[in-house]
Amino acid sequence: MSRASPVLAAYLASAPADKCRLVLALQTAGVDDVQTTMPAQPGRPAAPQLLHPSKVRKRKLGSAAGRAALVHAVAHIEFNAINLALDAVLRFAGMPAEYYDDWLSVAQDEARHFMRLAGRLAELGIAYGDLPAHNGLWEMAEKTAGDAMHRMALVPRVREARGLEVTPGMIERLLDAGDDATVEHLRVILAEEERHVEIGSRWFRYLCDRQGVDAAATFPRLLDHYGVAAARGPINRPARLRAGFTDQELDAIRA
């Protein structure tokens, strides 16, 4: 490693409570935190068990168990998102100071999101790790580890942006089920995730400009290269526009 870094210590912390505490205590992040050799994996607890997405049981929100399973799934996404934001700080050298500030702020938001959801899980009678989860978000981070532009395109603008469509539907179904307490947390998360996707959009365009390539043409090319769809089903156009997508991109996604 290039140096001992408080950001690296947070990244390697395995206990969720320790990771969140260390992330929220960080004051700054910058190029000095970039590692010449990254760890093979971030710190994570022994549980939850990670399964293929098709093997993770889906439960209906009409039951308490189903609502707890949903909160657990979102908490798992937020825990991974902490590591993703820290990874964006630690992995990519040569970026402006604002880049590191942005991704540190995202990591701190994600830590607060995770803590909110962990508290809600306790109210529902379970803890993070009690149910299995999948690792799709982190797998895309591994695939894009060698290129910051690819990371900005494929993680915040694809994997995380899908939450802009999925979360409003979750909120509606939870309201129908009378779970106002979970809805309160998801509304906060949805509002802040728009900013996170916008940060990814902004740095994707910065990197495209720096490499002298057209962002509008590069984004669909990267989707094809990695074999992923930018969205599944109808898109949340207002949210995606606020999150830095262009009308041209959204028209292409719909097509």
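Modeller: The largest cavity holds about 50 Å³ of space, a volume being the space filled by probe spheres set on grid points joined across faces, edges and corners. This is a predicted model, in which local features need pLDDT of at least 70, side-chain atom pairs count only at pLDDT 80 or more, and totals for chains, interfaces and linings use all residues. Residues are numbered from 1 along each chain as its sequence is written, and side-chain values use heavy atoms, without hydrogens and water.

Colleague: What makes a space a cavity, and what makes it a pocket?

Modeller: On a 1 Å grid over the protein atoms alone, a cavity is a set of points where a 1.4 Å probe fits but cannot get out, whereas a pocket is an open set with protein on both sides within 12 Å along at least five of seven lines. The largest pocket has a volume of about 1500 Å³.

Colleague: Which residues line the largest cavity?

Modeller: Lining residues have an atom within 4 Å of a point; among them are Leu84, Trp103, Arg151 and Glu160. The lining divides into seven nonpolar, no polar and two charged residues.

Colleague: Why is Cys20 called buried?

Modeller: Buried means under 20% relative accessible area (exposed is over 50%, partly exposed in between; 1.4 Å probe, protein chains only). Cys20 has a relative accessible area of 2%, and is therefore buried. Cys208, at 0%, is buried as well.

Colleague: How many disulfides are counted?

Modeller: A disulfide is a pair of cysteine sulfur atoms within 2.5 Å, and by this rule the count is zero.

Technical notes:
Ala, Val, Leu, Ile, Met, Phe, Trp, Tyr, Cys and Pro count as nonpolar, Asp, Glu, Lys and Arg as charged, and the others, Gly among them, as polar.
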